[in-house]
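I set out to record what I looked up in this model, entry by entry.

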Amino acid sequence: MGNCFCKQKSKSKRKPKPYRMPTSTIGSPISDTHLIIGDILDYRSNDEYRFINGRKFHNVENSKYFLPCDDEEFDRLYSQHYICRNIWQQNYIAPVKERLSFGASHVLDVGCGPGTWLIEMANEFPKSHFTGIDITPVFPRENKSDNTDFMEINILEGLPFEDYSFDYVHMRFLITAFSESDWKFAINELVRVTKVGGIIEIVEDEIEPRNDGPISRLLFDAFLSDLTSRNIDFNICSRMIDLLNGIERLTDIKKEEMSIPFGKWAGRIGTLLANNNAKLFRTFKTRFLSTIGVEDDEYDKLIEAWYEELNEYKPYNVGYRFLATKK
Ligand SMILES: C[S@@+](CC[C@H](N)C(=O)[O-])C[C@H]1O[C@@H](n2cnc3c(N)ncnc32)[C@H](O)[C@@H]1O
């Protein structure tokens, strides 16, 4: 396959191991996020945020989303945005250029994070208006351009917008946030707020790599076990088309797939992507130790060995863009 980013069709063969509750789990003290013995809940934790092992997390009751919301995570998200744009050679595939250039169009970005996608789009289309929502106020609150707005909203509580409000609705990388029923609810909300003739674009990468080696399997199986324990539906990409097809008000449903190789062997973007995954492995070190059954320093060595293994097995992820039009 080389290190080109090509459309591909094969299906993942690996199934996640069934989740075994680690014996060291001490429960869900505040939200849905489990603490593991060894996790240190920082004194700075308050109603709004929790600090665990020096990282900052949201503290929204009932939210399954468990990635941090601090500068380190924003760096990871910026890099992920750059990788994604580079791979797809653009920020969107929906046929919206003419409509957004003409102006007076309204765009919604759900789970906008630090707003990188939205700000780039708002600069590209200054005559249209862009609204970003996120469950935590991680987006810019000052020095915003006139055609952007950000709001602190949990989509799972329903979007505070009228039906038929937006011309283009975008949602990217929420795969670690939703259960099966959450996906249904969230997508129905996207459909509800989209105008007739408006377009929805959902962008996700599969979590499980393909073609990977044994160390990769250890690390990703630990990741998948963790997601399973939180009832997160990380297999959504394989069911997304069926889910969209099941919604009466949608038409013109399409999917594009991209093979995304990672590791040093796959050049600069492949290296960045491996670094991105390694950051997640490091973030969840305490959790994964017990699942994998290694000690602290062995875990660090495992990640180093994983980098080497990537060059041998040449794994890749599959990225997806799903499009649908509201009728
Ligand atoms: C992996 S980040 C992706 C950020 C951005 N979409 C991007 O592509 O860079 C996922 C974002 O979704 C947000 N999020 C998670 N659950 C959410 C929910 N229920 N409602 C709104 N935002 C949510 C998180 O706070 C986080 O900023």
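**Entry 1: α1 and α7**

I noted that the contact is made by Arg-76, Ser-79, Gln-80, Ile-83, Asn-86 and Ile-87 of α1 together with Ile-269, Leu-272, Leu-273, Asn-276 and Lys-279 of α7; two residues are in contact if their C-beta atoms, placed from the backbone, lie within 7 Å. By class, this contact of α1 with α7 holds five nonpolar, four polar and two charged residues. Here Ala, Val, Leu, Ile, Met, Phe, Trp, Tyr, Cys and Pro count as nonpolar, Asp, Glu, Lys and Arg as charged, and the others, Gly among them, as polar. The angle between α1 and helix α7 (residues 267-283) is about 145°, and their axes are 10 Å apart. Axes are lines fitted to C-alpha atoms, for helices over the stretch in contact, and angles run from 0 to 180 degrees between N-to-C directions. Helices (H or I, at least four residues) and strands (E, at least two) are DSSP runs, numbered from the N terminus.

**Entry 2: basis of the notes**

I recorded that residues are numbered from 1 along each chain as its sequence is written. This is a predicted model, in which local features need pLDDT of at least 70 and side-chain atom pairs count only at pLDDT 80 or more, while totals for chains, interfaces and linings use all residues.

**Entry 3: α5 and its partners**

I next examined helix α5 (residues 214-229), which packs with helix α9 (residues 296-313) at an angle of about 125°, the axes being 8 Å apart. α5 and α9 are therefore oblique to each other; angles under 35 degrees count as roughly parallel, over 145 as roughly antiparallel, 65 to 115 as roughly perpendicular and the rest as oblique. In this pair, Ile-215, Ser-216 and Leu-219 of α5 meet Leu-302, Ala-305, Trp-306 and Glu-309 of α9.

With helix α8 (residues 285-292), α5 packs at an angle of about 110°, with axes 9 Å apart. α5 and α8 are therefore roughly perpendicular to each other. I found Leu-218, Leu-219, Ala-222, Ser-225 and Asp-226 of α5 meeting Arg-287, Phe-288, Thr-291 and Ile-292 of α8.

**Entry 4: Glu-309**

I returned to Glu-309, which lies in helix α9. Glu-309 is partly exposed, because 18 other C-beta atoms lie within 10 Å (buried if 20 or more other C-beta atoms lie within 10 Å, exposed if 12 or fewer, partly exposed in between; C-beta atoms are placed from the backbone). Leaving aside neighbours within four places in sequence, Glu-309 is in contact with Gly-213, Ile-215 and Ser-216.

**Entry 5: positive phi**

Most residues other than glycine have a negative phi. I noted that Gln-89 has a positive phi, near 65°, and is found in the loop between α1 and α2 (97-102). Gln-89 is exposed, because 8 other C-beta atoms lie within 10 Å.

**Entry 6: the ligand**

Lastly I looked up the 22 residues around the ligand, of which Tyr-65, Gly-111, Gly-113, Ile-135 and Ala-177 come nearest; a residue is near if its C-beta atom, placed from the backbone, lies within 6 Å. The shell has 13 nonpolar, seven polar and two charged residues.
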